[in-house]
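Here is a friendly briefing to read with the model open beside you. Take one topic at a time and look up each residue as you go.

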Amino acid sequence: MNALTTLERRALQSISTPDGHMLIVAADQRNGMKAAIKDAPNGSDAISREELAEVKADLVRHLANHAPAILLDPEVALPQIVDDGVLARDTALVVGLDASGAETVDGLKYTRFVPGVTPHSIREQGADVAKMLWYTRPDKQDADSRVAHEIRDLVTACDEEGLLLIVELLTYQLDDESDEEYKAKFADLVVDGAALAVACGAKILKLQYPGSAEASARVTEAAQGVPWAVLSAGVDHETFIEQVRTAVANGASGAMAGRSLWKDSLSIDADRREELLSGRALPRLRELADAVDGR
């Protein structure tokens, strides 16, 4: 296991339920969140940065402030949500360093850092914890690959800043790979991706649901004691709840949920947003809290 420092243990506690399981509302999406706002008068693409910032602030007010932690981006939401007192004192702030989109090099996908954003700069924005996304194909990438070097470098940089880093991994289908081939490999890719990240020093993992109880147990074994949380990947709430229950029963340490909570609960109208977030998304969050705690 990649041992946590004292600071990191406190940070992990801040993003966990009283029973000790990670539970984070993910709201670092930018274009993806715009696309979920279906009633924008000129279409989602016309939503301004200021309007999106207001949506994120309301998502914090009416949903995430009821969770242990919120994941936000450093471009749209911050530092206003902290400076304006929107974020509750008991809700920890996780800040993502990854920019929207990805680049493809020799058939493999790579995320980019938000320009100018570093562990130190997000600490100055109020971050309690950092998060970075990497696309991985461990059948094509080893410990000497670009992605492995990037993970190691950021783990080191966050260690030097005294900032806990959540390593998020997304596997993906290659252009020349059939749906059947990818489906057959999927669980192995999640398991082997976890093993690669742990070998590069990762201390917390955010992973796709690997597909089954058996695969979840394999992820837990590959993580070698490193806590891992399931991401929602845009599935519906009912599906995600069952995935979380299965994963937690087989060693997962929690969940980080975005669209499964709020994708049908956003509006360009502030009153309608509050109604949807409080009446639809918040009950889902409470059900998810029960699931991560095994209730």
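Helices here are DSSP runs of H or I with at least four residues, and they are numbered from the N terminus. One of them is helix α8, which covers residues 213-223 and contains A215. Keep in mind that this is a predicted model.

**Nonpolar cores**

- The largest nonpolar core has 85 residues, and those that touch the most other members are L59, L63, I70, L205 and L288.
- Helix α7 (residues 179-199) gives this core its largest share, 9 residues.
- Another core lies apart from it and holds 17 residues, including M22, A69, I166 and I204.

**Cavities**

- Rolling a probe the size of a water molecule over the atoms shows where empty space is left.
- In this structure there are 2 cavities of 30 Å³ or more.
- The largest cavity holds about 60 Å³ of space.
- Its lining is made up of E8, V155, C158, D159, L163, L164, L165, V167, G201, A202 and K203.
- Helix α6 (146-161) and strand β7 (164-170) each supply at least two residues of that lining.
- By class, the lining of the largest cavity has 7 nonpolar, 1 polar and 3 charged residues.
- The second largest cavity holds about 40 Å³ of space.
- Around the second largest cavity you will find T136, L169, L170, T171, L189, V190, G193, A194, L207 and Q208.
- Both β7 and α7 supply at least two residues of this second lining, and α7 gives the most, with 4 residues.
- How do the residues lining the second largest cavity divide into nonpolar, polar and charged? There are 6 nonpolar, 4 polar and no charged residues.

**The largest pocket**

- About 530 Å³ of space lies in the largest pocket.
- Its lining has 26 residues, of which D28, Q29, L133, E168 and R259 are the closest to the centre.
- At least two lining residues come from each of α2 (31-35), β6 (129-135), β7 and β10 (254-257).
- The largest share of the lining, 3 residues, belongs to β6.
- The lining of the largest pocket divides by class into 10 nonpolar, 9 polar and 7 charged residues.

**Cysteines**

- A disulfide is a covalent bond between the sulfur atoms of two cysteines.
- How many disulfides does the structure hold? The number is 0.
- C158 is in no disulfide, and the nearest cysteine sulfur, in C200, is 14 Å away.

- Is A215 buried or exposed? A215 counts as buried because its relative accessibility is 2%, and buried means under 20%.
- Leaving out neighbours within four places in sequence, A215 is in contact with A187, V191 and P210.
- A215 and D39 are 176 residues apart along the chain, and their C-alpha atoms are separated by 40 Å.

**Backbone details to look for**

- L78 and P79 are joined by a cis peptide bond, with omega at about 5°.
- P79 sits in the loop between β2 (69-72) and α4 (80-83).
- Q224 is a residue other than glycine with a positive phi, near 55°.
- You can find Q224 in the loop between α8 and β9 (228-231), where it counts as partly exposed at 49% relative accessibility.
- A233 is not a glycine either, yet it has a positive phi of about 55°.
- The loop between β9 and α9 (237-249) contains A233, which counts as partly exposed at 48% relative accessibility.

Technical notes. Residues numbered from 1 in each chain as written. Predicted model: local features only at pLDDT ≥ 70, side-chain atom pairs only at ≥ 80, totals over all residues. Heavy atoms only, no water. Core = buried A, V, L, I, M, F, W, Y, C linked by side-chain atoms within 4.5 Å. Buried < 20%, exposed > 50% of the residue type's maximum accessible area, 1.4 Å probe, protein only. 1 Å grid on protein atoms, 1.4 Å probe; cavity = no way out; pocket = protein on both sides within 12 Å on 5 of 7 lines; lining within 4 Å. Points joined across faces, edges and corners; volume = space filled by probe spheres on them. Nonpolar A, V, L, I, M, F, W, Y, C, P; charged D, E, K, R; others polar. Disulfide = S-S within 2.5 Å. Contact = heavy atoms within 4.5 Å.
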